[in-house]
Amino acid sequence: MTPLHFSPHMRLAELISANHNLILILPRLGISLGFGDRSVREVCVQYDVPEDFFLLLCNVYSFEDYRPGRKEIEHTDMHLLAHYLRKSHQDYLDRLKHIERHLQQLAGQVEPKYGQLLTGFYEEYQQEVIEHFDCEEKIVFPYMQQLEDGGTMPEGTEGFSIARFKHVHGNVHDKLNDLTGIIFKYLPGNVFPKESIELIFDIFQISIDLDRHTLVENKVLVPYVEHLERIRK
Amino acid sequence: MTVQGKYSVLIVEPSEIIVEGLLSILKESHRFDCLHPLTDGAFLADSIAGSRPDLLLVNPTLFPVSGKNSLRAILQTSPSTIPVAIVYQYVEHALLDSSRMVLDIRCPREEMLTSLMDILQEKPQPKTLADIDYELSEREKDVLALVAKGLINKEIADRLNISVHTVITHRKNIVRKTGIKTVAGLTVYALMRGIIQ
């Protein structure tokens with residue numbers, strides 16, 4: 001690992017100062033706040049999280065150009081990967097619900113036809129995200145688990161391969177970016193800037209995070225499952 | 001621009017017929033100074049780093065979409081060069097992303113010269129953000145209306161009687177001007193702006 005990336009001897013607090021968004025990773029791995037000045041290694045031991053896996057996530061989250069090599073993927077303890085991704089999904093769905101409530105409030109305050117456009121667009125988007133996550137949880141993760149443990153393929157994963165997933169795995173944040181643009185640039189008669197601004201900030205935040213989530217899937221999940229496929233053959 | 005007030009042009013295209021044809025049209029207009037054409041992308045990086053042409057007429061299928069041999073990467077050695085993709089068949093969208101304009105070589109010669117001069121005269125890039133025109137042109141609105149109705153590029157091209165590549169150029173401009181990328185987002189925009197009912 002190059003010195004530019006995070007290492008196990010750094011204090012966890014330093015990582016968070018370097019990239020505030022990392023704080024979102026902690027609850028998904030069961031790590032509580034109040035970690036004081038403990039190092040990454042100490043915190044990982046305390047919460048029984050593989051240190052290499054934790055650093056891999058933090059590095060992918062924080063350094064756009066960072067792409068773990070094949071060796072790093074092969075040697076990392078990934079037993080929490082599916083758990084982490086499921087927790088992330090739940091987190092996003094909760095936050096999307098929260099955004100939906102705010103959006104409905106805003107939509108109720110502008111001309112009804114524009115309000116309906118906004119909520120319609122958002123509902124369609126939310127449905128897409130739900131289906132996207134669903135596909136991962138019902139097919140990709142069980143498939144990965146089966147490759148790890150051996151045994152027969154679970155139902156619904158026959159003939160599946162990670163190459164197919166890679167092919168159809170689209171990003172889920174373009175539409176969110178469009179939504180913020182529509183709200184602040186084009187929504188006519190939007191005289192409620194305070195609500196709009198709060199809403200837009202919520203969307204910006206989740207949009208950044210979803211973008212990182214896609215990176216974790218593309219840079220960690222996909223190469224890891226490819227590795228499992230290779231050793232099973 | 002060269003001393004004689006001409007724009008320097010480099011052509012990268014494997015077909016001799018097309019290269020000859022382009023050279024003949026360009027030379028006839030007396031506005032262009034044509035550099036020795038290349039038949040493949042192998043030496044493009046060296047060539048443009050040295051000659052820094054104003055215009056690069058390039059067959060996009062000669063380059064990979066990404067990586068150090070992609071057109072985008074090569075162009076970094078000469079940022080002032082305007083890349084124009086020359087096409088005469090269907091070309092994957094991703095390959096056209098690094099070009100500022102798509103030139104369908106089947107278009108009439110006047111149209112070809114006008115569009116090349118237009119893009120050259122756009123240079124230098126607007127100095128302030130306020131100079132950039134964000135208003136959609138009437139043609140772009142036509143395209144947007146059809147995109148919003150769910151038509152695919154081929155259908156839009158047939159409806160408006162233009163080539164698929166022209167549709168793609170319009171779509172790129174619409175995305176650039178509105179900042180909206182997805183079809184669903186563009187539909188909402190078109191409805192809010194009254195471009196469609």
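1. A word on contact first: two residues are in contact if their C-beta atoms, placed from the backbone, lie within 7 Å. With that in hand, welcome to this structure, which is a predicted model.

2. What do they pack against?

3. Read from the N terminus, the elements of chain B follow the order β-α-β-α-β-α-β-α-β-α-α-α-α-α. Chain B has 197 residues, and buried ones make up 32% of them. If you take the contacts in chain B between residues at least 6 apart in sequence, 63% join residues at least 24 apart.

4. Next, the place where the chains meet. Chain B gives 11 residues to the contact and chain A gives 12 residues. On the side of chain B that touches chain A, the residues divide into 6 nonpolar, 3 polar and 2 charged.

5. In soluble globular proteins, nonpolar side chains tend to be buried together. Here the largest nonpolar core has 60 residues, and those with the most contacts inside it are Phe121(A), Val9(B), Leu55(B), Leu56(B), Leu57(B) and Val84(B). Apart from this core lies another, of 28 residues, with Leu15(A), Val43(A), Leu57(A) and Val225(A) among them.

6. Which residues does Leu55(B) contact, leaving aside its neighbours within four places in sequence? They are Tyr7(B), Val9(B), Ile82(B), Val84(B), Leu116(B) and Leu120(B).

7. Finally, consider Met112(B), which sits in helix α5 (residues 109-121) of chain B. Why does Met112(B) count as partly exposed? A residue needs 20 or more other C-beta atoms within 10 Å to be buried, and 12 or fewer make it exposed. Met112(B) has 19 C-beta neighbours inside 10 Å, so it counts as partly exposed. Not counting residues up to four places away in sequence, Met112(B) touches Ile25(B), Leu103(B) and Cys107(B). Met112(B) and Leu26(B) are 86 residues apart in sequence, while their C-alpha atoms are 9.4 Å apart in space.

How values were computed:
Residues numbered from 1 in each chain as written. Chains lettered and ligands numbered in written order. Predicted model: local features only at pLDDT ≥ 70, side-chain atom pairs only at ≥ 80, totals over all residues. Helix = DSSP H or I, 4+ residues; strand = E, 2+ residues; numbered from the N terminus. Nonpolar A, V, L, I, M, F, W, Y, C, P; charged D, E, K, R; others polar. Core = buried A, V, L, I, M, F, W, Y, C linked by C-beta atoms within 7 Å.
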